[in-house]
Every structure is written in structure tokens, then in C-alpha cells.
There are 2 protein chains.
Amino acid sequence: MTCQHIENILKNLKEKDYDAYLLNQFTNIAYISNYFPTSFAFCIIKDDPIIFTSKMDMEIAKNNSSIDIIEFESFSKLNEILKEENISKIAVEPSLPINLYEKFNNDFDLSIETFINNERMIKSKDEINKITKATKIAQNSFKELNILLNKSKTESELAYELGRIMRNNGAESESFDTIIATGSNSSLPHSTPENKSLGEPILIDWGAKYMGYCSDNTRTIVYTEKEHEIFDIVLESHNKAIKSIKPGVKCLDIDKIARDIISEYGYEKNFIHSTGHSLGLDIHEAPNFSIKDDTILEKNMVLTVEPGIYLEGNFGVRIEDTIHVQNKGKIIGDLEHIIN
Amino acid sequence: MTCQHIENILKNLKEKDYDAYLLNQFTNIAYISNYFPTSFAFCIIKDDPIIFTSKMDMEIAKNNSSIDIIEFESFSKLNEILKEENISKIAVEPSLPINLYEKFNNDFDLSIETFINNERMIKSKDEINKITKATKIAQNSFKELNILLNKSKTESELAYELGRIMRNNGAESESFDTIIATGSNSSLPHSTPENKSLGEPILIDWGAKYMGYCSDNTRTIVYTEKEHEIFDIVLESHNKAIKSIKPGVKCLDIDKIARDIISEYGYEKNFIHSTGHSLGLDIHEAPNFSIKDDTILEKNMVLTVEPGIYLEGNFGVRIEDTIHVQNKGKIIGDLEHIIN
């Protein structure tokens, strides 16, 4: 697969007359080469691709990379090597920091290109298997945690315990810091678990990483009549959005479908984020189910659907599943939505 | 303190005729405002500083920020607001991603400036107290883990268990992913803990985060005669470097002192990273004890000293302490170097 990615990118480069593509983001380099940098590295995609890496990463890079490795000495040396190969027009990633951009900008003609991000949008069978396995580990671990029998524990303790169970079940790590947000903390979409025993409702947003690939789910356990009312609206929005997913539909249309349901009930101002995001080696990838993203859905994209309603200072509800785009949208995993 | 930081930066800006300083990195924004973004944010330091943040962060930002918050709507709206205030020349952080740089580059005259990084080099009493507390939590937790009584456990299990103990002892989290690298894994400076029971030697590189501030230590437990020989060289390098730390000395001179000891014994090619780095809200900050960093040490800088010798495919030894620069270098914490 890795070879195919490089070939596709070389085709992109040729079409726009680039001599090379400079990658710096660790997950992009891992995607291309199977070597996951731990310090810093520059991957140059050209007919003869090469990675310049730090001295301290040489052993790990040589052990893992499918493409050739050179020890990085200095930017002037790197630029000299590229110039000797008559490289002048270079595509760079959108995320390249400006201080690194300036190390190349005097010697080369640089432009931002999203070839690598586009390449990563469509998942291979192997990638989908890894995301599915990560999701199953995360969901089984959630069941094993049995949060309702542990309400005397703190948010932090339960978040850490979930991490332990996920590792026991084969995860490398969490795919992001687990959110266990209860009581009024649940109105903060990115709440940090606190050393306080669980309030109500209980919002859990968690994922496992398996062979580098992420999973992402959210469940909210509700109690009062008002919480149930909000839950039902969020679930309706979530289900309607997922049912509308199919190749050919624009991402922003799925966002609109989810948002319209919430607006119908008068909560448009309380849905304070996008409807979802792609995932893979990173927990947030392109494209997004957002108001601005006009990417057209294709088979084998994998995105989350996670509408939420947040009542500031009071409580919040979010429900999130990860969807594999096939002829229609298929939910990955099988965890029920109503927990209590 | 926060006000003083803003005043110092405003002075830097005036001296170089800037109208504003645009900050994007989360720890820089947290340093200035006490609000730690969870999604994205832009902090504009000017006479009347302001933070533009995502809708989903508005509640958390309003609860924590010492400076005013506006909801980010779009880059064109943000730029319009800045232009209405006659802002034209803007300093930006070195780490600003190029795609964000381009959102501002058409409307403003941008230059990279390290004012914020320089400001963060000198730690306040409060910051040093937090780093000291983080270090004590991490070191006490290491003792509590009692790794020598748990040699049947795996690298991953012990790394996770250390995280649990650190949280029990008051840490928010690890300050970076704990490294427990044993046997031949110890020759990889950034090894990832594996699901295998402990080999020898045992290298542990770990830290706690306390109120946002990091600690960082490494200990290596050695067994064979050869391992002891390498250990003694690394410890000599570590001790000599620390003894040479005082205000007025250049960072690269401390690196040279540590490196020269290792070279004397013929292992210069096996010391494959810098001698140390500053820490604070981030685990890696400026300045560094590296071959290229000519920053002059000042009182109240806080840097690690972590020489290492790595015998590829065989084993590695690293010893790391965190140093508070006073009239001389003072080691933070009191964990012995020889564990077994």
C-alpha cells in the first residue's frame, strides 16, 4: 500500500510541475514510510524518496522505514543535497511551522498542497480493519468498566481505569485524553476529568489506538426528564445524519441535516461544534462534517458523527459513532446508545 | 505575573515597531492568560489584548482567562477587527503553521519573533514551585513503584502503573509518555514501552505534570560490568555538566563539557542527542544545552541535564536531572542516581 501512496502523490506532483513534496508531520511520515518519528524528520517524496531524520532516531528509523533514511546534519546540507538533484519547486504540508518554512524558502519555490491529506481521506481495507479493531477494543473496555457500578469513583480515576482496561484488551494507548465529564462539567465539550465523584448526567468520550489507528465514541448517561428530552433530540440528529451518509453527498450537507434537527427544537445556539471529523492515524483528519467543508463523500472514508447540545453551566449531551462510508453509512462497532 | 509578561512583551513590540503579537500555541496562550485552549485560539497582544477562540471553548475561556475573550467567527472578520484598530505590522510565533500564516499574510506585514519564548525562559518563583512540586511527585511515585520488586511485570504495565501512582500523588498527568526501556530497547532514546517483561538494564524516563508544569528525570538500573562502566562515564558527564552551570555561561559550553567527558572515553558517536532542554508548561522549551545554542544562562532558568551513551542493538544508559539555575546549578528533587 505504501508504494501506491507514493505513486499517487508522484502523479499529483507531476500534474502541477513540482519536483518534490516535503513532509514534516509525524503521522504523514508514518503513513508513507511506516517509520513514526520521535524527534524530528523531513520526508522528501520524489522519484527516489528519502527521509532525513535526527541522529537519535536513526536506529528506530532504519528498523521500520520502507524508504531510505539519511541522518539530518543541517538545513544547509539538506538544501544542498536537494539542489544537487535539480529540485527547485517544492510542495509543503499545510501544517509546516513558519520557522521551518523559512529554512527552505530562500532556496526553493514553495507552495502549500494537501496531496497527502487527500490521500489519507480514503482508507484502505487494512486501515479500516485497524480502526474497527480499535473501536471494538474501546467499546468492549467501556462495557468492562461498568461505569454505573462505579459511581463512587472520581472522574479522573474512572478515566484512568478505562485506559488500563483498553491496554489490557490490546490497545497501545488512548487515541486522545479520555473525557469523563459529569454534572455541569458535561456542558464543556472538551472537559478535563476532575478529582470529584461522578455527578449526573455522565458524558464519556473515549477511544483506543490500535497499531497507530484511532477510534472515537461518545455516550451520555442521562437521568432527569430534561436530560432525557435533550438526549432524544441529540439521538434523532445523530441517527438522521448517519442515515443520510452515502457517496456523492457533500460533508456540509450532513452537518446541515444534523444541525437542522437540533435547530427545529430551538437548540441551534447550543450545538457549538461541527457534526464530525475523519479519523485514522490522527484523531482529527480531513474531511469534516462542518458548515464549511464541501468535500464530497466517497466510499471508504471514515468519519465520526457527534452532535451535541450544551446548556452552559447546567449540563450537556453528546452521542458519537464512527461511520465507514460504503453504499450507505455503516456504524463501526455495536455499542448501544442508551446505557442505563 | 501575567500582567508583567504582557508589559514586557509590549515593550519588545514597541522597540521593534510592531503593532501586535499573534500567539497561537496553546501553552503560550495559557502562559499569558491562564486559559488553556482545547480546540483553537488566537491571542493578540496589543495595548488592549484579546483572545479569539472557538465557540466550543467560550465557556471554559470565560471561566479562566485573565484577558478578554471574543468568539472567533472567521479569519476575514478577525482581520477586519485588527485593521479597524490600525494594526499593520504583526509579530508571529515561530511555530505558527504556514496555512494559518497565509490567513494573515495578505492583510498584514508579518515577522517571526521569539519574544514569548524568551519571556518563558526565566521562571517566576511560582513556576519554579510548580516544577519542584511536579518533580517531587514524580520522584516519590518512582520510589513507590519499586521497580525492582516488579521485574515480572511488562514495560507497558509498569509505565501505566507509574502513571496511576503519580495521579494518586497529585499529578494531573504524565508530562510526556513514560519511557520504560529495558534490554536492547534501552539503546533507543525514545523507546515505546512494550508488552514484554523487563530485561536488563532498565532505563526509566518519566515526569509528572502539576498545575500545568512538567518534571523530567531519567534513571538507568545497570547490572553487568560493562553496563556499570558505561553508567560511570554517563554519571561523570552528568555531574561535571551540572557543576559547571552558573549564570553567564553559554548553553553550548555546558553541552561541550558533558560531551567532552563522553568523548574522552571514546563514546562520542554514542551520545546521539543534546545534553538537555528547558522545561515549564512544555516538556521541551528554549534554551537547550545543545551544540548550537549560544544562549547565556541566567538565574531562574530551569533546564535538564541528560547525557546518554547508546550502544546500538545492545543497551543504553541515560541519567537526567532538572536544574534550577541559581548562583550555581541546583538539582531539583533528591532521587539517588544508583538504584540497585
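The legends below describe close-up views of a predicted model.

Residues are numbered from 1 along each chain as its sequence is written, with chains lettered from A and ligands numbered from 1 in the order in which they are written. In this predicted model, local features need pLDDT of at least 70 and side-chain atom pairs count only at pLDDT 80 or more, while totals for chains, interfaces and linings use all residues.

**View 1. Chain B meets chain A.** The contact draws 27 residues from chain B and 27 residues from chain A. Two residues are in contact if their C-beta atoms, placed from the backbone, lie within 7 Å. On the side of chain B that touches chain A, helices H3 (58–64), H5 (98–105) and H8 (155–168) of chain B each supply at least two residues. Helices (H or I, at least four residues) and strands (E, at least two) are DSSP runs, numbered from the N terminus. By class, this side of chain B holds 13 nonpolar, eight polar and six charged residues. Ala, Val, Leu, Ile, Met, Phe, Trp, Tyr, Cys and Pro count as nonpolar; Asp, Glu, Lys and Arg count as charged; the others, Gly among them, count as polar.

**View 2. The two domains of chain A.** Chain A splits into domain 1 (2–120) and domain 2 (125–331). These bounds come from an automatic or database domain assignment. The C-alpha centres of the two domains lie 33 Å apart. Five residues of domain 1 and six residues of domain 2 make the contact. Helix H2 (26–33) and helix H6 (115–121) of chain A each give two or more residues to the domain 1 side. H2(A) provides the largest share of that side, three residues.

View 3. Strand S16 (residues 308–311) and strand S17 (residues 315–318) of chain A run antiparallel, joined by four bridges. Two strands pair if DSSP finds at least two bridges between them. Tyr310(A) has Gly316(A) in S17(A) as its bridge partner. Three residues sit between the strands of this hairpin, and Gly313(A) takes a positive phi near 75°.

**View 4. Helices H9 and H10 of chain A.** The axes of H9 (residues 225–244) and H10 (residues 251–264) of chain A come within 8 Å and cross at roughly 155°. Therefore H9(A) is roughly antiparallel to H10(A). Axes are lines fitted to C-alpha atoms, for helices over the stretch in contact, and angles run from 0 to 180 degrees between N-to-C directions. Angles under 35 degrees count as roughly parallel, over 145 as roughly antiparallel, 65 to 115 as roughly perpendicular and the rest as oblique. Among the residues in contact are Ile233(A) and Ala241(A) of H9(A), and Ile254(A) and Ile261(A) of H10(A). The contact residues divide into seven nonpolar, two polar and two charged.

**View 5. The open sheet of chain B.** Six strands follow the order S4-S3-S2-S1-S5-S6 in chain B, with mixed pairing. Strands S4 (68–71) and S6 (109–112) of chain B are the edges, each pairing on one side only. Strand S1 (residues 20–23) and strand S2 (residues 41–45) of chain B pair in the antiparallel sense over three bridges. Tyr21(B) has Ile45(B) in S2(B) as its bridge partner. H5(B) lies across S1, S5 (89–92) and S6 of chain B, at about 145° to S6(B).

**View 6. Helices H7 and H8 of chain B.** H7 (residues 125–145) of chain B packs with H8(B) at an angle of about 125°, and their axes are 9 Å apart. H7(B) is therefore oblique to H8(B). Ile137(B) and Phe142(B) are among the H7(B) residues that meet H8(B), whose contributors include Leu158(B) and Ile165(B).
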